[in-house]
Amino acid sequence: MRGCYRLEVRDGLPFVSVVVSFHNDAAFLRRCLLSLLKQAYPRELHEIILINDGSVDGSQETVSDLLAAHQGTVRLFTQPDRGPAAARNLGVANAMGSIVAFTDPDCIVDEAWLAKHAGDYVSDEIGGVEGRVETDWSKLLYPIRVSPAGYRYVTCNMSYRREVLEKVGLFDENFRWKEDDELAYRVIRAGWTIRSDDRAVIYHPVRSLSLRGLVSYGLKHRYDAVSYTHLRAHETVLD
């Protein structure tokens, strides 16, 4: 069932849906959810939507007590392993907010994170907002130790108007990586502005890659070419 929009109900603040998809993130998910539950944003004006994307490591069980204690705020949906794009689309489809914010299960969000995102939609021209990603810079050693800090439009710290997401077609489920870049470029090319706000902060830990992980990470860059091809095709249609 599709989510139903909730109207702005206090001081012009929008109702915001936070979507977090997870796949085998038992080591991180609880810490992420706890930070989301501490947001300095009216509790009645936001919800947290968790998408279990085919986890088999007990990720969901690590937050079962929080799910039970916060039934009015946190909702859970499950699907087979279809990838983050499909998982986030499931979250959007069930979101009640006019703004949809995204973060990742290995992130810790600042207490003001949601308030900063919500407050940035000051005009209809703003279709999305990207925040700042912090990490332990001293531990970065690309490509062996990686973090999305410094990249643009990453869904560990993004939000969009829900109507914008619906108009551009949501995340492309053919992408298993770079789906966030590809979506952002479609939003921009459709005429909306994506605003940057360094005050909307999340912390993303450094992840070390094994040899297998390093090979997989390198192979994912094939989506750069796929994204370029999709965008060129979209431009041709618009022309």
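**Entry 1: terms and model**

I count a charge as sitting over a ring if NZ of Lys or CZ of Arg is within 6 Å of the ring centre and within 35 degrees of the ring normal. The model I examined is predicted, so I note that local features need pLDDT of at least 70 and side-chain atom pairs pLDDT 80 or more, while totals for chains, interfaces and linings use all residues. I number residues from 1 along each chain as its sequence is written, and side-chain values use heavy atoms, with hydrogens and water left out.

**Entry 2: the chain as a whole**

I found eight helices and 10 strands in the protein chain; helices (H or I, at least four residues) and strands (E, at least two) are DSSP runs, numbered from the N terminus. Of the 239 residues, 49% are buried. For burial I used relative accessible area with a 1.4 Å probe, protein chains only: buried is under 20%, exposed is over 50%, and partly exposed is in between. I noted that the chain exposes about 11500 Å², with 54% of it supplied by carbon and sulfur atoms; the areas come from the Shrake-Rupley method with a 1.4 Å probe, and for residues only the protein chains shown count as cover. I also looked up contacts (heavy atoms within 4.5 Å). Among those between residues at least 6 apart in sequence, 82% join residues at least 24 apart.

**Entry 3: helix 3 and R88**

Helix 3 is largely enclosed by the rest of the structure, because eight of its 10 residues are buried. I list R88, N89 and V92 among the buried residues of this helix. Their cover includes strand 1 (16–22), strand 2 (46–53), strand 3 (74–79), strand 4, helix 5 (162–168) and helix 6 (179–189).

I then followed the side chain of R88. R88 forms a salt bridge with D104, the closest N and O atoms being 3.2 Å apart; the term requires a side-chain nitrogen of Lys or Arg within 4 Å of a carboxyl oxygen of Asp or Glu. This pair links helix 3 (residues 84–93) to the loop between strand 4 (99–102) and strand 5 (108–109), its members being 16 residues apart. Both R88 and D104 are buried. R88 also lies over the face of F171, at 5.8 Å from the ring centre.

**Entry 4: aromatic pairs**

I counted two aromatic pairs, taking rings of Phe, Tyr and Trp (its six-membered ring) with centres within 6.5 Å; planes under 30 degrees apart are stacked, over 60 edge-to-face and the rest tilted. F102 and F171 pair edge-to-face, 5.4 Å centre to centre with 90° between the planes. F102 lies in strand 4 and F171 in the loop between helix 5 and helix 6, so this pair ties together parts that are 69 residues apart in sequence. F102 is buried at 0% relative accessible area, and F171 is buried at 3%. The pair of Y153 and Y185 is edge-to-face as well, at 5.8 Å centre to centre and 85° between the planes.

**Entry 5: salt bridges around D120**

My search of the whole structure gave 13 salt bridges. R195 meets D120 in one of them, at 3.7 Å from N to O. R195 lies in strand 9 (residues 193–203) and D120 in the loop between helix 4 (113–119) and strand 6 (126–134), so the pair ties together parts 75 residues apart in sequence. D120 also forms a salt bridge with R199, the closest N and O atoms being 3.6 Å apart. Salt bridges that share partners join D120, R195, D197 and R199 into one network. D120 is buried at 1% relative accessible area, whereas R195 is partly exposed at 32% and R199 is partly exposed at 48%.
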